[in-house]
Amino acid sequence: MTYSKSVVIKLGSQILTDSKGKIDNLQISKLVAQIVELRKAGVYVYLVSSGAVAAGRSIFDLDTKTTLPVQVLASVGQSELIQLYKTWFTLFDIKVGQVLVTKEDFRDRRHFLNLKGAFGEMKKNDILPIINENDVISIPDKTFSDNDELASLVAAMTDCQQVVILSSIDGFFDGDPKDEDSKVIPTVNFDSKDIYKYVQKSKSELGRGGMASKLESSMKNANLGIETIIASGFEERVLNRILIDQEFLGTKFLAMKNRSSKRKWVAHNQGFEKGSVVIDQGAEEMLANQQAISLLPVGIKSVEGKFAIGDIVKILNHKLETIGYGVCKINSENLDKIKGEKNQKVFIHYDEMYVIG
C-alpha cells in the first residue's frame with residue numbers, strides 16, 4: 001500500500017466508553033471502520049488510543065468511583081483493548097502492532113531514535129500502530145499530561161503534519177461548552193493571543209487532561225508546523241469527513257511554521273532539561289527574530305546546574321523567563337569559565353534549538 005500522507009489520530013476515553021464508563025465495543029467498531037476507509041484513501045494512521053483503564057474496569061465490572069490501582073487496571077485493560085482492536089481490524093485484513101511507551105522514551109535520544117525506527121519499519125510493512133502510555137511502569141511525576149501530549153510527540157517523531165483529536169465535545173468553544181450560547185471556534189491562529197481567554201478549566205471524568213491541555217498541545221504543534229483538529233468522536237463519519245472530504249468539523253488549529261526533526265524532539269522535552277543558562281538582552285533579541293542564529297558563550301550571563309555535552313538545557317532571558325531549549329555542545333563547567341567571552345565555539349547550534357513563540 002502506498003500512502004500519500006500520514007496522520008496521528010487520538011481517541012479519548014470518553015468516546016470509547018458507555019454511560020457507565022465501560023468499554024463500548026460498538027463505538028470502537030465504528031471508529032475502526034472509519035480508519036479502514038482512511039487507509040484505503042491513502043492516509044497512513046498512527047492511532048493513539050486511551051481506554052486501557054476503562055477496559056480494566058470493564059473486566060472487573062467496576063464503576064468509575066471504585067478504587068483500584070491504575071497499574072492493575074491498565075495491565076489487565078491493555079490486553080483487552082488491543083484484542084478488541086485486533087479483532088475488528090483483522091476483519092479488514094489489517095495487521096496491528098501495540099506500542100506502549102513512557103515519557104522517558106521520548107526524552108532519551110537513543111530511545112527516541114529506536115522508537116522512531118520502529119515506527120518506520122511498521123509503516124514500511126503496512127502495520128497499524130496502536131499507541132498508549134505504559135501506565136504499569138510510568139513514574140507518576142513523569143507521565144504524559146494526557147494522551148494529547150503523547151499524540152503530539154508521535155506526530156513530531158514521525159514528521160506528521162496533522163493531528164486529529166477526537167473528544168466528547170464538538171471542538172474548542174468560546175465559552176463553557178455546557179452553555180447553549182457558547183459556540184465552536186472553527187479556526188484558531190495562535191498569532192492571536194486572545195484565544196487563551198476561552199480556555200475552560202473543566203476536565204473529563206476519565207481523562208487526565210481537559211481543554212487547557214488540548215490547547216497547550218495544539219499550540220506546541222502549531223509552532224512546530226503541525227496542524228491540530230479537535231472534533232467530536234460521536235459525529236457520524238467524523239474522520240472520513242475531515243480527512244477525506246475535507247469538511248470543516250470541530251476546530252482547526254493552524255500550523256505556523258515547520259521545524260527540523262531534531263528541533264521537534266527538543267521542543268517536546270520540556271521538563272527534562274539538565275540545567276539552564278541566562279542570556280543577555282542582546283542574545284534574546286537575536287533569538288526572538290527566529291533567524292538562523294546559534295547561541296554563543298558571549299551572550300550568556302550565568303550558568304545553572306550541571307550538564308554534559310548532548311544534554312538539553314533551558315534558555316532563560318534576563319528576566320528569568322523561559323524562552324527556549326537546546327542541546328548543548330559545551331558542558332556546564334567549561335561554559336561557566338568562558339561565558340560572556342567572544343570568539344568561542346557554538347554553545348547551542350540553531351538546528352538543535354527550540355525557541356518558544
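**Close-up views of a predicted model**

**View A. Who does Asn 240 touch?** Once its neighbours within four places in sequence are set aside, Asn 240 is in contact with Gln 34, Glu 37, Leu 38 and Asp 245. Keep in mind that this is a predicted model. Asn 240 sits in helix 8, which covers residues 238-243. Is Asn 240 buried or exposed? Its relative accessibility is 3%, so Asn 240 counts as buried.

View B. Follow the strands across and the order reads 10-9-11-12-13, with mixed pairing. Which strands are at the edges? Strand 10 (300-305) and strand 13 (348-355) are, each pairing on one side only. Going from one strand to the next, the twist averages 30 degrees. Zoom in on strand 11 (residues 312-316) and strand 12 (residues 322-328) and you find an antiparallel pair held over five bridges. Take Val 313 as an example: its bridge partner in strand 12 is Gly 326. Packed on the sheet is helix 10 (residues 281-288), which touches strand 9 (275-279), strand 12 and strand 13. The direction of helix 10 makes about 100 degrees with that of strand 9.

**View C. Tyr 85 and Phe 89, a stacked pair.** Searching the whole structure turns up six aromatic pairs. One of them joins Tyr 85 and Phe 89, with ring centres 6.3 Å apart and planes at 25 degrees, and it is stacked. Planes under 30 degrees apart count as stacked. Both residues belong to helix 3 (residues 70-90), where they are four residues apart, about one turn of the helix.

**View D. Phe 307 and Phe 347, a tilted pair.** Here the centres are 6.1 Å apart and the planes make 45 degrees, giving a tilted aromatic pair. Where do the two residues lie? Phe 307 is in the loop between strand 10 and strand 11, while Phe 347 is in the loop between helix 11 (332-338) and strand 13, so the pair ties together parts that are 40 residues apart in sequence. Phe 307 and Phe 347 are both buried.

**View E. An aromatic cluster.** Which residues make up this one? Tyr 3, Tyr 44, Tyr 46 and Phe 119 come together as one aromatic cluster.

Technical notes:
Residues are numbered from 1 along each chain as its sequence is written. This is a predicted model: local features need pLDDT of at least 70, side-chain atom pairs count only at pLDDT 80 or more; totals for chains, interfaces and linings use all residues. Side-chain values use heavy atoms; hydrogens and water are left out. Two strands pair if DSSP finds at least two bridges between them. Axes are lines fitted to C-alpha atoms, for helices over the stretch in contact, and angles run from 0 to 180 degrees between N-to-C directions. Contact means heavy atoms within 4.5 Å. Buried means under 20% relative accessible area, exposed over 50%, partly exposed in between (1.4 Å probe, protein chains only). Rings of Phe, Tyr and Trp (its six-membered ring) pair if their centres lie within 6.5 Å; planes under 30 degrees apart count as stacked, over 60 as edge-to-face and the rest as tilted.
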